[in-house]
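Work through the two exercises below with the sequence and the model open. Each task is followed by a solution in steps.

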Amino acid sequence: MIAQTTEPFTIEQFYKFIAQGKLMAGKCQKCGKIHLPPRPLCDKCYSQVFTWILMPSKGKLVTYTVIHVAPQQFQDIAPYAIGIVQFENGVKLPGRIIDVPHAQIQVGMNLTVGFTTCDNTQPWPQWSRYYFKPL
Amino acid sequence: MKGKPLVSIVSAGLSKFGKNEGFHGRELFAQAVKEAFDRCPRLEPKRDVKAMFVGHMGESYEHQGHMGATTADWIGLLNIPATRTEAACASSGAALRSGVYAVLSGLADVVLVGGVEKMTHRTTAEVTEYLAMASDYPFEQWHGITFPGLYALMATAHMHKYGTTEAQMAQVAVKNHHHGTLNPKAHLQKEITLEKALASRPVATPLKVFDCSLITDGASCVILTKPELASKLTDHSVHIIGTGQASDTIGLYERETLTSLKAAKTAAKTACAMAQVKPEDIDVAEVHDCFTIAEIIAYEDLGFCKVGEGGKLAENGETRLGEHLPVNTSGGLKAKGHPVGATGTAQAYEIYLQLTGQAEQRQVKNAKTGLTHNVGGSGATATVHIYRSNQ
């Protein structure tokens, strides 16, 4: 767990950490709720005091799909796999699943987080991405 | 207020749903409104209609925002408040709800609520992108998650948890396509077989082409008034006796469960309590089958079956026309089509026809109590309305 309390608890900051290869969440100092994505106002207790915590890197796949019909900007990589991963602390996050044949993807499989630098030329906003891959 | 009429629907209109080439959204809206005016000759629109709420999801399709004033202009109702409501695919469910507020507030005796979307002139990739705008941008759209993708994530979770099958999902499509053959205004009016549905190409696994609703142009409206004024305007009115609306997290991933829509359950509970109606009292329902799995989840969220048994209900045929709980007699979003902003009041249109005995070849016999269930996005908005015949 690392505390970096000077950074704002925003989506923009979350993705700045992603660009640094870190999956970070906000933790409410008052009620303890973990926010992924971070929020500047706790939706549970309305506190505005948080600390940054480093998320566990491993989680289990809760559900998945392979997307064949894609929006324009993703057509080059279709079909691609998307999943929702639940980390050891109970928090869930969606993202792409890579480095595994689609037929081998299963609910319950263990996945770990990886990172890419921004490779997209779309107009605002554009960020680096995290993704999920087998251990 | 329990069990009492909140407002009355005195008329309703629907444009032809489908590929309405050469027509703008506002022109389709005028078609729907003309039908509603014609069905209610004692209404003098310019004198009586005091407010409008119009559901419209996206400016991107026609490069046209400000749809409240635009539609008011095209139906000759200037000088009254006309406001667009936006709640993704529940935009006109929210318009209906807003109309109920307006009438109950006493500020407007007669309110026209409706919805419109013009979609088919855009490519599938464009429509996929515009629809995805109703999901979370930074964590869903940014990673390439589409709308079929979000419902596919729910479908995989439902299959894993309850053993729901692709064939059960396909049965929803077979049923709704059958109902669509009985609706001359439906986008598609042809039967499909289970084999054809199961063999269709993948969109977002396990969802295939025949698990998805249609990209459609269309408009719909209903006219609301105070219950005590209804008989002055028409001999064919329907009461709204319950209304519910709720919100949930914009991101699907933040929810405790991925196999149920909490906003829909909350909206249904609120509406049923207000109406003093139980799920078994419903004679006919229009539910938000944007994807076949969505109808299965709706069965469970609305209490039409036990949690986890929606797939079995789809399979055993009890929700077909002629059985005890016909669902989506219009053909649903699956066959009638899903011009997103128009869907909520198109559902209300079908229930209006059913409860006034005007649904012709798809009429549910002795239908007295109806329900509509309209979902926005992956369930961040849901509206439920309950209706009672005034015959």
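**Exercise 1: the contact between the chains**

The contact takes 27 residues from chain B and 26 residues from chain A; two residues are in contact if their C-beta atoms, placed from the backbone, lie within 7 Å. The model is predicted: local features need pLDDT of at least 70, side-chain atom pairs count only at pLDDT 80 or more, and totals for chains, interfaces and linings use all residues. Residues are numbered from 1 along each chain as its sequence is written, with chains lettered from A and ligands numbered from 1 in the order in which they are written.

Task: State which elements give two or more residues to the side of chain B that touches chain A.

Step 1. These elements are helix H5 (124-132), helix H6 (147-162) and strand E5 (202-204) of chain B. Helices (H or I, at least four residues) and strands (E, at least two) are DSSP runs, numbered from the N terminus.

Step 2. H6(B) gives the most, with seven residues.

**Exercise 2: the sheet**

Task: Give the strand order of the open sheet in chain B and name its edge strands.

Step 1. The nine strands run E3-E2-E4-E7-E1-E8-E11-E10-E9 (chain B), with mixed pairing. Two strands pair if DSSP finds at least two bridges between them.

Step 2. Strand E3 (82-85) and strand E9 (284-286) of chain B each pair on one side only, which makes them the edge strands.

Step 3. Strand E1 (residues 7-14) and strand E8 (residues 238-247) of chain B pair in the antiparallel sense over three bridges. Val7(B) has Ile240(B) in E8(B) as its bridge partner.
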